[in-house]
Amino acid sequence: MLHKSSRPGYKRVIKNTAKILIAVEAVAFGVTYAGWYRLNTSRDLRHYVKENYPVILESYYQVGEFLGGDTSIRTHDEQIWSQERAKSVAGESKP
């Protein structure tokens with residue numbers, strides 16, 4: 001009768017570690033994509049990130065320019081924000 005020999009313990013540890021790493025990477029990718037999607041679809045969030053975390057917004061713009069070669073989002077955001085600043089300054093100066 002043939003007896004099954006058990007697998008060495010290190011193979012089991014490697015296999016379980018690989019499963020955990022793949023799961024962690026999948027979760028990290030999902031969180032990163034969700035953050036990018038929110039940043040990509042919300043000008044208000046981009047403005048908040050610009051005020052509080054400018055490095056993140058600059059990285060977002062650079063990746064978009066590298067992948068698409070399009071600077072229209074950055075220019076459009078700056079135009080909108082400058083118009084909003086002008087309106088708020090004009091509103092504050094009037095009594």
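Student: In which helix does Asp77 lie?

Tutor: Asp77 lies in helix α4, residues 72–93; helices are DSSP runs of H or I with at least four residues, numbered from the N terminus. The model is predicted, so local features need pLDDT of at least 70, side-chain atom pairs count only at pLDDT 80 or more, and totals for chains, interfaces and linings use all residues. Residues are numbered from 1 along each chain as its sequence is written, and side-chain values use heavy atoms, leaving out hydrogens and water.

Student: Is Asp77 buried or exposed?

Tutor: Buried means under 20% relative accessible area, exposed over 50%, and partly exposed in between, with a 1.4 Å probe and protein chains only. Asp77 has a relative accessible area of 0%, and is therefore buried.

Student: Which residues does Asp77 touch?

Tutor: Contact means heavy atoms within 4.5 Å. Leaving aside residues up to four places away in sequence, Asp77 touches Arg43, Arg46 and Tyr61.

Student: At what angle do α1 and α2 pack?

Tutor: Axes are lines fitted to C-alpha atoms, for helices over the stretch in contact, and angles run from 0 to 180 degrees between N-to-C directions. Angles under 35 degrees count as roughly parallel, over 145 as roughly antiparallel, 65 to 115 as roughly perpendicular and the rest as oblique. For α1 and α2 the angle is about 105°, with the axes 5 Å apart, so these helices are roughly perpendicular to each other. Arg38, Leu39, Asn40 and Thr41 of α1 meet Arg43, Leu45, Arg46 and Val49 of α2.

Student: How do α2 and α3 pack?

Tutor: Helix α2 (residues 43–52) and helix α3 (residues 54–68) pack at about 125°, their axes 6 Å apart; they are therefore oblique to each other. From α2, the contact involves Arg46, Val49, Lys50 and Asn52; from α3, Pro54, Ile56, Leu57, Tyr60 and Tyr61.

Student: Which helix gives the most to the lining of the largest pocket?

Tutor: Helix α3 gives the most, with 6 residues. Among the lining residues are Trp36, Tyr61 and Arg74.

Terms used: Helix = DSSP H or I, 4+ residues; strand = E, 2+ residues; numbered from the N terminus. 1 Å grid on protein atoms, 1.4 Å probe; cavity = no way out; pocket = protein on both sides within 12 Å on 5 of 7 lines; lining within 4 Å.
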